[in-house]
Amino acid sequence: MHRWSISPRAATRLQCRLAERIRCDPLPTNIRFVAGADLAFSADGRRCLGGVVLYDLKERLVIEQTLAWRPTRFPYVPGLLSFREAPAVLAAVRKLKGIPDVFILDAHGVAHPRRMGLAAHIGLLMDRPTIGCAKSRLCGRHVDPPAQVGRSTPLIDRNEIVGAVLRTRPGVKPVYVSRGHRVTLVDAVRVVIACVGRYRLPEPTRQAHILVPRHRHDG
DNA sequence: GCGACAG
DNA sequence: ATCTTGTCGC
């Protein structure tokens, strides 16, 4: 595990080094437990609260939730999000008793200028499968996916398919799905689709989105 | 030099 | 991310 308090320059170099270690493996069949993670900040922005929910895809229920505060040690810099958010998310993950089959992060995986978005970075450090499911684009080009739910178009960056722009709801802005660590793009899209209920974001992510801001004023 | 830019 | 009410639409 490397340290998080480094310069933006060093962070960028580290990303290039870590990116070589990202694996692309098929997920086991019959995925049942999917974790969703998110983060919120204290009013003064000096601390951040990481939160994780464990979602049972079979029962369609949240079965566990964890929270963890960490000092905010890095500014928001597009492309360096993990150095700001990963410590709090990892701290919350460590408190989890259950073992998720895969984690969905509210950010990009390899759909990143150096193929090392938050989802990829966290997956590598946990050595667990992770999926990036972001609400907007960081890099790459694409055309709009067809209107039908479940359909997608490739997200292409520097002549490489780095993700899928996926329609999760009719008539609603699509989401950006990409591989994190130890997953294939096809499996990543499959899991996200399987997790989508009646909203745009997959349920684990949405539940984490609801959980974390609710505890912003606690610790 | 000029845009683009996860959360 | 966060500050914030009403409002348009199914």
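## Basis of the model

The model is predicted: local features need pLDDT of at least 70, side-chain atom pairs count only at pLDDT 80 or more, and totals for chains, interfaces and linings use all residues. Residues are numbered from 1 along each chain as its sequence is written, chains are lettered from A and ligands numbered from 1 in the order in which they are written, and side-chain values use heavy atoms, with hydrogens and water left out.

## DNA strand B

A residue is near a strand if one of its heavy atoms lies within 4 Å of it. There are 17 residues around DNA strand B, and Y76, G79, K135, S136 and R137 come nearest.

In Y76, a polar side-chain atom lies 2.4 Å from a phosphate oxygen of DNA strand B. For S136, the distance from a polar side-chain atom to a phosphate oxygen of DNA strand B is 2.9 Å. D106 has a polar side-chain atom 3.4 Å from a sugar or linking oxygen of DNA strand B.

## DNA strand C

Which residues are around DNA strand C? They are A40, F41, K135, H209 and R216.

Phosphate oxygens of DNA strand C take part in several contacts. An N or O atom in the side chain of R216 is 2.9 Å from one, and a polar side-chain atom of K135 lies 3.4 Å from one. With F41, a backbone N or O atom lies 3.5 Å from a phosphate oxygen of DNA strand C.

## Salt bridges

A salt bridge is a side-chain nitrogen of Lys or Arg within 4 Å of a carboxyl oxygen of Asp or Glu. By this rule there are 10 salt bridges. R115 forms one with D157, the closest N and O atoms being 3.0 Å apart. This pair links distant parts of the chain, 42 residues apart: R115 is in the loop between β4 (102–105) and α3 (118–126), and D157 is in strand β6 (residues 152–157). Helices (H or I, at least four residues) and strands (E, at least two) are DSSP runs, numbered from the N terminus. R115 also forms a salt bridge with E160, with the closest N and O atoms 3.3 Å apart. Because R115 lies in the loop between β4 and α3 and E160 in strand β7 (residues 160–166), the pair ties together parts that are 45 residues apart in sequence. A network of salt bridges links R115, D157, R158 and E160.

Buried means under 20% relative accessible area, exposed over 50%, and partly exposed in between (1.4 Å probe, protein chains only). R115 counts as buried at 12% relative accessibility, as does D157 at 13%, whereas E160 counts as partly exposed at 37%. Another salt bridge joins R206 and E203, whose closest N and O atoms are 3.0 Å apart. Both residues lie in helix α5 (residues 203–214), 3 residues apart, about one turn of the helix. R206 and E203 are both buried.

## Pockets

A pocket is found on a 1 Å grid over the protein atoms alone, as an open set of points where a 1.4 Å probe fits, with protein on both sides within 12 Å along at least five of seven lines; lining residues have an atom within 4 Å of a point. Grid points are joined across faces, edges and corners, and a volume is the space filled by probe spheres set on the points.

The largest pocket has a volume of about 310 Å³. Its lining has 19 residues, of which Y76, L81, A107, H108 and L138 are the closest to its centre. By class, this lining has 9 nonpolar, 7 polar and 3 charged residues. The second largest pocket has a volume of about 160 Å³. Its lining residues include L27, P28, L57 and D187, and the lining divides into 6 nonpolar, 2 polar and 2 charged residues.

## R47 and W69

R47 lies in strand β2 (residues 47–56) and counts as partly exposed at 32% relative accessibility. R47 and W69 are 22 residues apart in sequence and 6.8 Å apart in space, C-alpha to C-alpha.

Technical notes: Polar contact = N/O pair within 3.5 Å; in protein donor to acceptor, adjacent residues only side chain to side chain. Nonpolar A, V, L, I, M, F, W, Y, C, P; charged D, E, K, R; others polar.
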